[in-house]
Amino acid sequence: MSERPVGVVRLIEGDARRLDGIDAESVHLVVTSPPYPMIPQWDALFRELGATDYPAMLAVLAGAWRECERVLVPGGILAVNIGDALRTTDGAFRLWPNAAETMVAAERLGFRPLPYILWKKPTNKPNAFLGSGFLPPNAYVTLDCEYILLFRKGALRRLPAHDPRRARSRFSRVERDRWFSQIWSDIRGAPQRAGNGRSAAFPIAIPERLIRMFSIEGETVLDPFAGTGTTLLAAQRWGRNAVGVEWDADVFRALVERGRVLDWSTDRESGAARVVRGGRPPRRRPGASTAGRTG
């Protein structure tokens with residue numbers, strides 16, 4: 001059995017709302033996790049992007065989904081890992097429905113919503129609760145699930161009969177039965193550390209599954225909120241090419257540095273990094289992207 005090819009990775013320092021360096025209909029799959037609106041750790045980022053309230057934060061994300069729709073091939077898939085938020089504003093505690101708002105925004109752009117996945121994240125505090133403890137009625141349900149929302153651009157993709165790349169991308173019956181179940185409870189969240197605070201990371205198992213489920217060998221995967229590159233590493237590892245876009249200059253520099261550790265090469269003249277590896281990626285502890293920068 002031949003060894004899996006290793007994908008090519010391209011890094012772009014830029015805005016997910018303006019993917020000018022990516023051709024229309026050149027991407028087969030988008031896998032990302034944006035900054036979650038109304039999560040305090042992302043307030044500063046949203047302010048820098050001109051968003052100071054909930055509708056404006058949602059508009060930032062809608063701009064990214066609009067560009068994803070442009071660059072996806074007909075039939076391409078958009079996969080968004082996002083969680084709802086809990087926050088007190090004006091003295092009132094409430095849930096902010098990020099997943100529902102994302103579904104509405106994507107559908108308005110022409111995406112076709114598909115059955116979504118609930119990622120029930122095992123935690124170190126399974127009995128955590130909010131509110132009044134054992135006394136009704138003022139306790140709150142624990143928010144311990146995130147969504148992996150799935151959308152298709154238009155109709156089903158048409159692929160050549162007996163495509164050898166598609167055959168090499170086949171998954172097993174066990175994998176199919178587990179992955180295409182609506183609730184994923186077997187993947188732990190990634191360690192939440194990134195220098196000054198939480199990284200909002202997701203584990204590499206999430207993008208690996210999505211990449212294998214919804215793309216084939218040699219195709220292109222985009223992460224418009226690239227962070228530390230978890231999606232890019234997963235795509236490369238499974239023989240897909242990848243494009244990562246990151247707006248935050250400091251995060252982008254750290255991403256390029258990580259590429260150097262992985263023996264990636266950087267094309268400084270073009271402002272992007274094209275990553276070419278001659279062999280399989282080394283066995284390393286999986287990295288974690290940052291939400292708003294995937295995670």
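## Salt bridges in the predicted model

The side chains of K120 and D144 meet in a salt bridge, with N and O 2.7 Å apart. Because K120 belongs to strand β6 (residues 111-120) while D144 sits in the loop between β6 and β7 (145-153), this pair ties together parts that are 24 residues apart in sequence. K120 is partly exposed at 37% relative accessibility, and D144 is likewise partly exposed, its relative accessible area being 28%. The model is a predicted one, and a search of the whole structure finds 15 salt bridges in it.

A further salt bridge joins the side chains of E219 and R157, with an N to O distance of 2.4 Å. E219 lies in the loop between α6 (205-214) and β9 (220-223), and R157 in the loop between β7 and α4 (164-168), so the contact ties together parts that are 62 residues apart in sequence. E219 counts as buried because its relative accessibility of 2% falls under the 20% cut-off, whereas R157, with a relative accessible area of 25%, is partly exposed.

D177 forms a salt bridge with R176, the closest N and O atoms being 2.9 Å apart. Here D177 is partly exposed at 45% relative accessibility, and R176 is partly exposed at 38%.

The distances for these pairs are set out below.

| Salt bridge | N to O distance |
|---|---|
| K120 and D144 | 2.7 Å |
| E219 and R157 | 2.4 Å |
| D177 and R176 | 2.9 Å |

Salt bridges also occur as a network, in which D15, R17 and R18 are linked.

Methods
Residues numbered from 1 in each chain as written. Predicted model: local features only at pLDDT ≥ 70, side-chain atom pairs only at ≥ 80, totals over all residues. Heavy atoms only, no water. Salt bridge = Lys/Arg side-chain N within 4 Å of Asp/Glu carboxyl O. Helix = DSSP H or I, 4+ residues; strand = E, 2+ residues; numbered from the N terminus. Buried < 20%, exposed > 50% of the residue type's maximum accessible area, 1.4 Å probe, protein only.
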